Amino acid sequence: MTHALAVDIGGTKIAAALVDPRGVVSHRWTRPTPRTDDPEEVFRTVERLAARVAATAGDIARNAPLGVGSAGPLDPRAGTVSPVNIPAWRAFALVDRLAESLDRPVVLAGDGHCFALGEHVAGAGAGSRALLGVVVSTGVGGGLVLDGAPRFGPSGNSGHVGHMIIDPEGELCLCGSRGCVETYASGPGMVRWARGQGWRAGEPEADAVVLAADAREGRTVATAAFDRAARALAGALLSTAAVVDLDLVVVGGGVARSGDVLFTPLLTWFERLAGLDFLRRVRLRPSALGGDAGLVGAAALTRRPVPAAGAVA
């Protein structure tokens with residue numbers, strides 16, 4: 001059991017850190033995800049962050065492997081990523097590029113998988129036999145840890161709860177489908193709906209953080225946006241639980257950090273929509289690791305037997 005470098009790539013931010021075998025994070029660096037059409041600009045941000053962590057950590061990171069959690073979809077066997085929320089990357093050869101640049105082994109999985117694994121290893125999911133981890137942020141991602149092991153699926157893309165369709169005639173999603181949970185419950189989806197209802201329509205800086213603040217003050221449209229998101233999210237979580245027989249759902253991400261503004265309506269809808277006895281036994285918890293969960297999970301990937309180019313099981 002050794003230290004590992006870890007990178008967590010999302011639509012809003014990219015983080016890199018050193019993680020020890022107990023899941024303790026140090027030498028953390030974070031930058032906003034570049035808004036660009038240039039795939040190399042995004043890669044340079046990832047590369048520089050990881051290199052900076054390795055340099056500041058010194059000898060302890062010299063031979064450390066690198067675990068990467070990325071927004072998806074992705075192809076772990078090929079080592080390529082095509083994140084819905086990072087349009088500059090389509091079939092981008094991230095694993096090969098990082099391995100060559102940083103001269104170390106690289107393992108890749110979805111950011112939702114890494115979040116779930118991190119919470120299982122050192123957070124709110126410790127001890128769970130059937131865990132769904134959900135990240136509610138720029139998108140809505142997820143990952144499963146069953147009987148102590150992450151379950152990636154044949155393509156490496158299991159757990160994409162944000163792209164469960166709850167209204168086939170609903171809003172067009174960035175994935176190309178319609179009525180996905182992500183169009184309701186992601187930060188941009190909530191803001192887009194609220195603006196359509198007249199919320200701060202002329203203020204371009206009004207984002208999900210501002211929406212949460214308004215909901216906390218009881219402003220009608222903002223409160224309705226969170227309730228609408230919570231209802232969609234609760235339906236997706238319970239549908240997943242009905243298929244997989246979960247015992248725990250852990251929810252994190254930027255939108256989830258709004259706290260009770262999201263969790264109060266989410267718990268209400270979760271209890272209201274849970275019908276069968278085994279669904280009513282599913283526990284719902286906020287993330288214990290916050291922004292570190294994806295990094296802890298990405299590091300944990302390097303300690304598991306996975307195919308050389310990625311992480312499919």
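In the predicted model, helix α10 lies across strands β1, β2 (13-19), β3, β4 and β7 and runs at about 130° to β1, where helices (H or I, at least four residues) and strands (E, at least two) are DSSP runs numbered from the N terminus, and where angles run from 0 to 180 degrees between the N-to-C directions of axes fitted to C-alpha atoms, for helices over the stretch in contact. Residues are numbered from 1 along each chain as its sequence is written, and local features need pLDDT of at least 70, whereas side-chain atom pairs count only at pLDDT 80 or more and totals for chains, interfaces and linings use all residues. Side-chain values use heavy atoms, with hydrogens and water left out.

The five strands form an open sheet of mixed pairing in the order β3-β2-β1-β4-β7, two strands being paired if DSSP finds at least two bridges between them. Strands β3 (25-32) and β7 (106-110) stand at the edges with a single partner strand each, so one side of each is left without a neighbour in the sheet. Strand β4 (residues 66-70) and β7 run parallel and are joined by five bridges, with Val68 standing opposite Leu108 in β7. Helix α3 packs on this sheet, touching β1 (4-9), β4 and β7, and its direction makes about 95° with that of β7; contact here means heavy atoms within 4.5 Å.

The axes of α3 (residues 111-122) and α10 (residues 293-301) come within 6 Å and cross at roughly 85°, and the two helices are therefore roughly perpendicular to each other, a term that covers angles of 65 to 115 degrees. Among the residues that meet are Phe115 and Leu117 in α3 and Val296 and Leu301 in α10.

Note on methods. Angles under 35 degrees count as roughly parallel, over 145 as roughly antiparallel, 65 to 115 as roughly perpendicular and the rest as oblique.
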